[in-house]
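Try each task yourself before reading its solution.

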Amino acid sequence: MWFLYQLAMAAGLGVAAPVLLARRGRHYLPTLPARLGRLPEARGTSPLWLHAASVGEAGVAATLARALPPDLDLVVTTVTPTGQAAAEKLFEPLTAGGRSVVVTYLPFDLGLLVGRFLDRYAPRGLVLFESELWPLLLRDCRRRSIPVAVLNARISDRSYGRMKRAGRLYRRFLLDPLGRLGAQSPQDEERLLSLGARPARTSLTGNLKFDTPEPLPVAGLEQALRDLAADRPILVAGSTMPGEEPIVLDAFERLGREALLVLAPRHPERFDEVWREVEARSLAAMRRSRIVAAAGALPASAPRIVLLDSLGELASIYRLASAAFIGGTLVPTGGHNPIEAARFGVPVIVGPSMENFRRIARDLEAADGLTLAPDGEALTEAWRRLLDRPDEAAEQGRRGLAIVDRNRGAVKRSVELLSELVDLN
C-alpha cells in the first residue's frame, strides 16, 4: 500500500510540476532543492519541529514558539515561498538568546526524502498547525517514535465532507498517528471526534491567532503612507485574490470620497498583474516599492492608490486604516484572517466567503463588530457609511477588539497540551 501511495504521489508530482512551473515557476522553483533533499545543515540539539504551511500558519507557529523555553532549538518548515519568507522574518528575533532555528521547506511526502529529513534533524517531536497532515510523514514519525501533535486544528466544510467519505482510511492513516490534537473551536473538536480522533488525545485549546502579538511598525513606511494620504482617510484592502481586485477598485471608484486606498494582493507573483489592473484605471497610483526607491521624496500630487507590493508589512499597515476590507471573501476562496485588523480596533468588512474563519466571523458579526458586504456595491456602501459616521465606525472597531481580547489564552492551553506529549526542557 505504501509503495502504491508513493507511486501515486510521484506520478501526481510529475503531472503537476510542468503546470506549476509554467504558471508559477518563479514562485515555486526555489522551493525544489530543499523539498528534494538539499537541506540546510542541522544546528542545535534535539530540536522541536514546527511545520507551518504558509504565511498564516507561520505567524501561529511563531506565536507558539515565543511561549516555549528560550533554549529549545527549532526546525521550522513551510510549503510556500511566502510562508518561508514570513518564517525567516518571524523566527529571526527568537535566535537572539542563543536558540538555534533552522528554516527550510517540507520535503515531498516520499519515503526517501522524508527519511533524509528525519535523519538530518532528528526532531524530538513534530507540531503541525491547522490541517497539514501527510500520511507517509506521519507513518515515519511513528516508526521512529517521534511524537506528533496538531495545534490550532481546524476542519473546513469542504475538507470535512472529503474526510467523512474517506472513513476508516482517514482515521487509520491521519488521526491514529497523532499524539495530541488541539482544536480551534467547539465545532472543530466535534468534527475531529466524529472522524475518529481519540477523545483522550483531543482538547479544545482555542485559536492561536487571537494571541498573535501586535506587529511592530515598519520603519518609515507608516509615516510615508500618512504623508501620501495628506489628511485623507486610509482604506486598506488586504490579501486580495484573483478576480477580486477589479471588484475592489470598482467599489473604490464609486465611493465618491477623498481617501487613499492601500491595496495588498495576497500572493507576490501577482504584484505586477495587479499593478497593470490599477494602471488601466488611469488613477493616480504608486507602488510601495517606489516609496523605498524614492528615499522619502514623495510625489508632488497625492496618489489615490498605493499598491503594497511587499511581504510581511500588511499586518502592521492595518493600524492606519479607517476601515479594512479582508480579501479572499468576495471570491470563493474561504477568506483570510480578520483578527489582523480587528486587533487595532479597526472596523472590518468582509464578503460572504469566510469558510476558513467561520467562527471568528460569526463572533464578530454577533457582536456587531464586522460589516458583511456581499458584493462590490455593498463594499462601496460600507466604506461610505464608515467614513461618513466616524463615531459608529469607532464603536464597531471597539466591539471587534473586545472579541479579540475575549478569546485570548490559546497559547497557554496549547503549550500545556504539547508538554503532555513532548519534553520541552
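Buried means under 20% relative accessible area, exposed over 50%, and partly exposed in between (1.4 Å probe, protein chains only). You're looking at a predicted model, where local features need pLDDT of at least 70, side-chain atom pairs count only at pLDDT 80 or more, and totals for chains, interfaces and linings use all residues. Residues are numbered from 1 along each chain as its sequence is written, and side-chain values use heavy atoms, with hydrogens and water left out.

**Exercise 1.** Find where Ser-145 lies and classify its exposure.

Solution. Start with the loop between α6 (135-143) and β5 (148-153), where Ser-145 lies; helices (H or I, at least four residues) and strands (E, at least two) are DSSP runs, numbered from the N terminus. Next, check the backbone: phi of Ser-145 is positive, about 60°, although the residue is not a glycine. Finally, Ser-145 has a relative accessible area of 64%, so it is exposed.

**Exercise 2.** Do likewise for Ser-46.

Solution. Ser-46 is in the loop between α2 (32-35) and β1 (48-51). Its phi is near 45°, again positive in a residue other than glycine. With 30% relative accessibility, Ser-46 counts as partly exposed.

**Exercise 3.** Trace the open sheet of 7 strands.

Solution. Walk along the order β10-β11-β9-β8-β12-β13-β14, with parallel pairing; two strands pair if DSSP finds at least two bridges between them. The edges are β10 (285-287) and β14 (370-372), each pairing on one side only. Now zoom in: β8 (residues 234-240) and β12 (residues 323-326) run parallel, joined by 4 bridges. Leu-235 stands opposite Ala-323 in β12.
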